[in-house]
Amino acid sequence: MPVWCCRCSLAGHFRNYGDTETEGEIYNSLVQYFGDNLGRKVKAMPLVEETSLLEDSSVTLPVVIIGNGPSGICLSYMLSGYRPYLSSEAVHPNTILHSKLQEARHLSIVDQDLEYLSEGLEGRSSNPVAVLFDTLLHPDADFGYDYPSVLHWKLEQHHYIPHLVLGKGPPGGAWHNMEGSMLTISFGNWMELPGLKFKDWVTSKRR
């Protein structure tokens with residue numbers, strides 16, 4: 001999914017993503033989504049004021065995320081100020097990685113040397129950082145284990161970066177268009193979003 005990091009006109013992007021809706025209507029739907037889904041964790045999402053958008057369509061933001069699927073949602077979560085830290089009680093089954101994580105556990109994972117942390121790790125992806133976060137979120141999952149994540153997410157408001165997520169449909173992207181009979185290659189709990197446990201979601205849906 002492409003990510004555009006730029007200063008751009010909201011009006012231009014809204015015209016691309018809503019042929020039958022006004023800019024204000026699309027913006028309201030985005031604000032409603034953020035308010036409903038993130039309001040419990042963030043007291044106030046410092047997004048662009050609606051009045052500013054309606055009065056001046058040339059309002060700019062430093063980041064616009066194109067696509068509101070899982071990748072876009074995760075990126076928005078981090079841009080909102082959430083940072084991954086090693087949990088205080090965490091013990092990673094990979095003793096070498098665990099030792100490395102202990103060296104700077106006071107720092108957020110994204111502020112550490114990711115090349116150093118991911119050295120020697122193996123996984124399904126050719127991207128070493130992706131493999132690192134996979135093993136932090138689901139240690140040894142490829143071997144059939146169900147170890148808990150070793151990450152703890154903290155909200156740090158000073159790391160907030162103003163941004164906007166644009167999508168053609170409701171949050172979730174293409175997942176809304178998949179038939180109920182389709183199966184994922186990964187296990188259900190591997191599809192978790194940051195800060196939201198799949199088991200809690202299953203319980204809430206009584207499945």
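View 1. Patches are made of residues with over 30% relative accessible area and no salt bridge, with like charges joined within 9 Å and nonpolar side chains (Val, Leu, Ile, Met, Phe, Trp, Tyr) within 5 Å. Here, in this predicted model, Trp 175, Met 178, Met 182 and Met 191 make a nonpolar patch of about 380 Å². Met 182 sits in the loop between strand E7 (163-166) and helix H8 (198-205). Its relative accessibility is 49%, so Met 182 counts as partly exposed (buried is under 20%, exposed over 50%, partly exposed in between, with a 1.4 Å probe and protein chains only).

View 2. The whole structure holds three aromatic pairs (ring centres within 6.5 Å, using the six-membered ring of Trp; planes under 30 degrees apart are stacked, over 60 edge-to-face, the rest tilted). Ring pairs join Tyr 77, Tyr 82 and Trp 153 into a cluster.

**View 3. Tyr 145 with Tyr 147.** These two rings are stacked, 5.1 Å centre to centre and 10° between the planes. Tyr 145 is partly exposed at 46%, and Tyr 147 is partly exposed at 35%.

**About the model.** Residues are numbered from 1 along each chain as its sequence is written, and side-chain values use heavy atoms, leaving out hydrogens and water. Local features need pLDDT of at least 70, side-chain atom pairs count only at pLDDT 80 or more, and totals for chains, interfaces and linings use all residues.

Definitions and conventions
Areas by Shrake-Rupley, 256 points an atom, 1.4 Å probe, with all protein chains shown as cover. Salt bridge = Lys/Arg side-chain N within 4 Å of Asp/Glu carboxyl O. Helix = DSSP H or I, 4+ residues; strand = E, 2+ residues; numbered from the N terminus.
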